[in-house]
Amino acid sequence: RADDSAATEKTSVSHTTNQLAKMIVYNDLASGDQVLSDSYPQVPLKFNGETIEGITMVQAKMVNKELGDINIGANASAEEADEGTDDASKMVNNIVDGETGFGYEGPMTISKAEFAVMYKGWCKKVKDAIVAKGDKPKPFMTSAQAFLPVLNAEFKNFEIYQTKSFNAFVIGWWDDEANTVGAPKFLYFTHGMSAEKY
């Protein structure tokens with residue numbers, strides 16, 4: 001029925017592309033990988049009391065992911081099979097996980113110097129992608145430059161994840177609030193992403 005279909009579409013909050021939903025998914029410009037959607041609340045990055053323009057934060061959280069029926073009875077007979085199964089679940093990061101989130105890989109083992117090289121290369125790829133679209137890269141480059149003091153001061157509290165293609169990264173930041181929640185905040189460059197409606 002048309003009314004039921006509309007109601008289902010309005011109430012869906014899943015970001016997965018195989019479900020109908022009215023939402024925006026953000027793709028990393030350097031890799032094309034999906035990294036975020038508008039179903040996650042975003043707030044501007046603040047550091048030392050100042051807002052860093054063009055960078056947004058999303059607080060991740062640990063969620064319970066159902067794994068379905070898992071056979072816990074070894075060598076059970078057919079008659080006993082039903083009694084030997086149980087619903088299993090595990091706690092996952094709602095942004096990192098491939099089913100509840102975007103399938104980030106990591107965190108990586110990487111030094112600040114190594115990440116600086118990765119960061120520089122990524123910035124160049126994003127800049128080139130922006131220029132290729134016919135847009136001006138200055139807003140992105142300004143944000144990328146403004147982020148350097150944060151990187152230098154807080155790298156010890158960063159976790160670096162790679163996106164699905166391994167051609168881009170996402171930074172997880174364990175600040176005081178994240179430590180209280182038990183999951184990092186993820187940082188995103190707003191000018192380094194493209195928006196796609198679903």
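Begin by selecting Lys133, which is partly exposed with a relative accessible area of 49%; buried means under 20% relative accessible area, exposed over 50%, and partly exposed in between (1.4 Å probe, protein chains only). The model is predicted, so local features need pLDDT of at least 70 and side-chain atom pairs count only at pLDDT 80 or more, whereas totals for chains, interfaces and linings use all residues. Residues are numbered from 1 along each chain as its sequence is written, and side-chain values use heavy atoms, with hydrogens and water left out.

Now select Gly134, which takes a positive phi of about 90 degrees just after helix 2. Helices (H or I, at least four residues) and strands (E, at least two) are DSSP runs, numbered from the N terminus.

Proceed to helix 2 itself, residues 112-132. Which of its residues are buried? They are Phe115, Tyr119, Trp122, Cys123, Val126, Ala129 and Ile130. These residues cover an arc of only 125 degrees around the axis, which puts them on the same side of helix 2; the arc is that of the directions from the helix axis to the C-beta atoms. Among the elements covering them are helix 3 (138-146), strand 8 (169-173) and strand 9 (185-189).

Turn to the face of helix 2 that points away from the buried side, where the exposed residues are Ala113, Val117, Lys120, Lys124 and Ala132. Select Lys124 together with Asp128: their side chains meet in a salt bridge (3.0 Å, N to O). Both lie in helix 2, four residues apart, about one turn of the helix.

Tyr119 belongs to helix 2 and Phe189 to strand 9, so the pair ties together parts 70 residues apart in sequence.

Finally, select Lys65 and Asp97, both of which are buried. They form a salt bridge whose closest N and O atoms are 3.2 Å apart.

Technical notes
The expected span of a helix is 1.5 Å times one less than its number of residues. Contact means heavy atoms within 4.5 Å. A salt bridge is a side-chain nitrogen of Lys or Arg within 4 Å of a carboxyl oxygen of Asp or Glu.
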